[in-house]
Structure formats: C-alpha cells, structure tokens
Amino acid sequence: MVGTKRKRGGKKGGGRARRSRYVGVSWYKRDQKWWAQITVRGVNQHLGRFDDEADGARAYDAAVAAQNLRYPRNFPG
C-alpha cells in the first residue's frame, strides 16, 4: 500500500524489555525468568534460568571464578 506507515520491531502494549543490572544476565521472556550465560572463546555457555536476578549474577560470577577468567564480576570480593 502506498502512503501507509507500518510499525517495525515494536512490541504489543508498548512496554520496555526488562534489562538486568548485572553482567551476564538477561530476561528470558518466554519463561518469565532471568537467564545467565557466559561467552568463552566465542562459545556461549548457558548457566541456567533463575527466578531471582541476583542468583543468575552469582552463577555468572561462579563460572568466571571456576574458569579463572579476567571478566568483570557482579559481586567483587
């Protein structure tokens, strides 16, 4: 149709996606859970899905420590 505008990439309801305040944690919309993952040498490693965002951040930090990586941590010390 000529002269009509279409919305692209929008979400129903106009709400914003949930963003985590932690490194390695993102919102998994389908399951309504926080998802933790880490990428090492180009390979994504799934660390789990969590009800609590901070639990996902702790799983990320544990993976960083276990693999002796120099990645930023969510809970230093």
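View 1. Tyrosine 22 counts as buried at 17% relative accessibility (buried means under 20% relative accessible area, exposed over 50%, partly exposed in between, with a 1.4 Å probe and protein chains only). Phenylalanine 75 is partly exposed, at 34%. This is a predicted model: local features need pLDDT of at least 70, side-chain atom pairs count only at pLDDT 80 or more, and totals for chains, interfaces and linings use all residues. Residues are numbered from 1 along each chain as its sequence is written, and side-chain values use heavy atoms, without hydrogens and water.

**View 2. Aromatic pairs.** The count comes to 3 aromatic pairs (rings of Phe, Tyr and Trp, its six-membered ring, with centres within 6.5 Å; planes under 30 degrees apart are stacked, over 60 edge-to-face, the rest tilted). One of them joins tyrosine 22 and phenylalanine 75: centres 5.4 Å apart, planes at 45°, so the pair is tilted. These two residues lie 53 residues apart, before E1 and after helix H1 (53–66) (helices are DSSP runs of H or I, at least four residues; strands are runs of E, at least two; both are numbered from the N terminus). Tryptophan 27 and tryptophan 34 have centres 5.0 Å apart and planes at 70°, so their pair is edge-to-face. Both tryptophans are buried.

**View 3. Charges over rings.** The charged end of arginine 18 sits over the ring of tryptophan 27, 4.0 Å from its centre (NZ of Lys or CZ of Arg within 6 Å of the ring centre and within 35 degrees of the ring normal). Arginine 49 places its charged end over the ring of tyrosine 28, 4.1 Å from the centre.
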